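Take a look at the model below. This report covers a sheet, a helix and some charged pairs.

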Amino acid sequence: MAISPIEETGGIETVDPVKPAGVRDRDVQIMGYPPRLMAPDMAKSVAGLLICGVIALIPEMLPIIQWTAAGLALLFILYFARTLMRFQSKIYVSEYGIRISNLRGGTAFAWSELSKFRLRYFSTRRDGRKGWFELTLQAGDAKIVTESTLDGFDDLLEIARDWAKDNQLLVDDITRTNLMRMDEAETMVQAAASSRAGGISEGR
């Protein structure tokens with residue numbers, strides 16, 4: 001896929017911060033959300049919408065139940081739209097900048113303009129062992145939000161983290177704690193990989 005260094009905005013040509021003149025396509029990493037992870041979420045939202053929609057339209061149903069079902073149906077519609085937006089989104093990353101392209105259009109900024117770096121963790125279990133990270137990057141009014149289900153999320157986090165340091169950004173305690181959590185998880189993975197490699201060597 002060719003990536004143009006020039007974008008047209010209202011008849012005005014602007015330089016793409018991800019791919020300024022002289023940068024090759026192979027120097028730009030294209031990231032997206034894998035279909036195998038998006039498909040179950042889309043299926044759940046459609047199923048929930050159908051069930052709640054049917055309940056809301058049953059004439060003999062109590063009004064309070066109908067209104068509750070209608071409200072839930074609206075939430076499923078919003079969830080479906082959000083999932084579809086993520087599924088269609090493409091994120092372009094280089095050493096110069098980041099750009100997101102989706103159904104709403106997109107936004108982009110150079111890493112040197114990065115002014116906000118935030119990492120949040122959302123758990124689906126009380127013990128916090130299962131969940132996902134949400135990375136928020138902002139430069140002025142331009143904001144890009146990604147989740148850890150993104151292919152290439154670790155690379156993006158590393159690049160953004162380095163630029164946050166270079167730009168001398170102050171991060172909140174929650175972000176600092178989550179970064180430490182990810183560092184610890186990476187250390188454990190590396191230790192496990194080394195242990196397996198050592199076991200294979202001994203077996204030989």
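In what order do the 3 strands of the open sheet come? The order is E7-E8-E9, with antiparallel pairing. Strands (E, at least two residues) and helices (H or I, at least four) are DSSP runs, numbered from the N terminus. Two strands pair if DSSP finds at least two bridges between them.

This is a predicted model: local features need pLDDT of at least 70, side-chain atom pairs count only at pLDDT 80 or more, and totals for chains, interfaces and linings use all residues. Residues are numbered from 1 along each chain as its sequence is written, and side-chain values use heavy atoms, leaving out hydrogens and water.

Strands E7 (116-123) and E9 (142-147) are the edges; each pairs on one side only. E7 and E8 (residues 131-139) are joined by 8 bridges. Arg118 has Thr136 in E8 as its bridge partner.

Now the charged pairs. A salt bridge puts a side-chain nitrogen of Lys or Arg within 4 Å of a carboxyl oxygen of Asp or Glu. The count is 5 salt bridges, including these:

| Pair | N to O distance |
|---|---|
| Arg99 and Asp16 | 2.7 Å |
| Asp27 and Arg24 | 3.4 Å |
| Arg176 and Asp173 | 2.7 Å |

Arg99 lies in strand E5 (residues 97-102) and Asp16 in the loop between E2 (12-15) and E3 (29-32), so the pair ties together parts 83 residues apart in sequence. Arg99 and Asp16 are both buried. Buried means under 20% relative accessible area, exposed over 50%, partly exposed in between (1.4 Å probe, protein chains only).

Arg176 and Asp173 both lie in helix H4 (residues 173-203), 3 residues apart. Arg176 is partly exposed at 39%, while Asp173 is exposed at 57%.
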